[in-house]
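Subject: Structure for your review

Dear colleague,

Please find below the structure that I am handing over to you, together with its sequence. I would be grateful if you kept it open while reading the notes that follow.

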Amino acid sequence: MKYTLVIKGRVPGLNEIITANRSSKFEAAKQKKDVEGMILWYIREQLKGVNIERPVKLTHFFYEPNKRRDKDNISAAKKFIWDALVRSGVLKNDGWDEIHDFRDYVLLDQVEPRVVVEIEEV
């Protein structure tokens with residue numbers, strides 16, 4: 001089975017995560033809560049009732065509005081996405097036994113920045 005999740009806009013990358021962590025533990029916790037909450041909303045809208053028990057392969061398509069952020073910085077957003085998938089119950093866990101493989105693609109879309117996550121049972 002294959003599922004698709006679309007998150008509109010940008011998810012914070014590694015530089016934003018580091019900045020929040022250096023500001024204070026409260027700022028970092030707030031960022032994680034806010035970002036995961038936003039992603040959870042999309043999960044509840046698009047993957048309602050999905051509960052995957054088998055290992056998965058995840059493919060992330062990060063559509064950025066420009067080339068300002070480095071690709072490795074952008075892909076750190078997976079942490080928020082995977083944690084939200086687990087928190088929502090879509091995935092049992094995000095460990096080695098559950099995430100069989102993953103791929104990241106960083107593309108440009110000035111009009112509609114977004115993150116598309118394809119979840120495929122293996």
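This is a predicted model: local features need pLDDT of at least 70, side-chain atom pairs count only at pLDDT 80 or more; totals for chains, interfaces and linings use all residues.

Lys8 has a relative accessibility of 53%, and because exposed means over 50%, Lys8 counts as exposed.

Lys8 is part of strand β1. Leaving aside residues up to four places away in sequence, Lys8 touches Tyr42, Pro113 and Arg114.

The sheet

Strand β1 belongs to an open sheet of 4 strands, arranged in the order β1-β4-β2-β3 with mixed pairing. The edges are taken by β1 (2-8) and β3 (99-108); each has a single partner strand, so one side of each is left without a neighbour in the sheet. On average, and with direction ignored, neighbouring strands of this sheet are turned by 15 degrees against each other.

In β4, Val116 is the bridge partner of Phe61.

Helix α4 (residues 78-88) packs on this sheet and touches β1, β2, β3 and β4, while its direction makes about 135 degrees with that of β2.

The nonpolar core

The largest nonpolar core has 30 residues, of which Ile39, Leu47, Ile81, Leu85 and Ile119 touch the most other members. At least two residues of this core come from each of β1, α2 (25-46), β2, α4 and β4. In soluble globular proteins, nonpolar side chains tend to be buried together.

Which residues does Ile81 touch, not counting those up to four places away in sequence? They are Ile7, Ile39, Phe62, Val115 and Val117. The C-alpha atoms of Ile81 and Lys8 are separated by 13 Å, and the two residues are 73 residues apart along the chain.

The aromatic rings

The count of aromatic pairs comes to 3. One of them joins Trp41 and Tyr42: the ring centres are 5.0 Å apart and the planes stand at 85 degrees, so the pair is edge-to-face. Tyr42, one of the residues touched by Lys8, counts as buried at 14% relative accessibility.

Another pair is formed by Trp82 and Phe102, whose ring centres are 5.3 Å apart with planes at 80 degrees, so this pair is also edge-to-face. Because Trp82 lies in helix α4 and Phe102 in strand β3, the pair ties together parts that are 20 residues apart in sequence. Trp82 counts as buried, at 12% relative accessibility, whereas Phe102 is partly exposed, with a relative accessible area of 35%.

Finally, Arg114, which Lys8 touches, lies over the face of Tyr63, at 3.8 Å from the ring centre.

Yours sincerely

Terms used
Residues are numbered from 1 along each chain as its sequence is written. Side-chain values use heavy atoms; hydrogens and water are left out. Two strands pair if DSSP finds at least two bridges between them. Axes are lines fitted to C-alpha atoms, for helices over the stretch in contact, and angles run from 0 to 180 degrees between N-to-C directions. Contact means heavy atoms within 4.5 Å. A nonpolar core is a set of buried Ala, Val, Leu, Ile, Met, Phe, Trp, Tyr and Cys residues joined through side-chain atoms within 4.5 Å. Buried means under 20% relative accessible area, exposed over 50%, partly exposed in between (1.4 Å probe, protein chains only). Rings of Phe, Tyr and Trp (its six-membered ring) pair if their centres lie within 6.5 Å; planes under 30 degrees apart count as stacked, over 60 as edge-to-face and the rest as tilted. A charge sits over a ring if NZ of Lys or CZ of Arg is within 6 Å of the ring centre and within 35 degrees of the ring normal.
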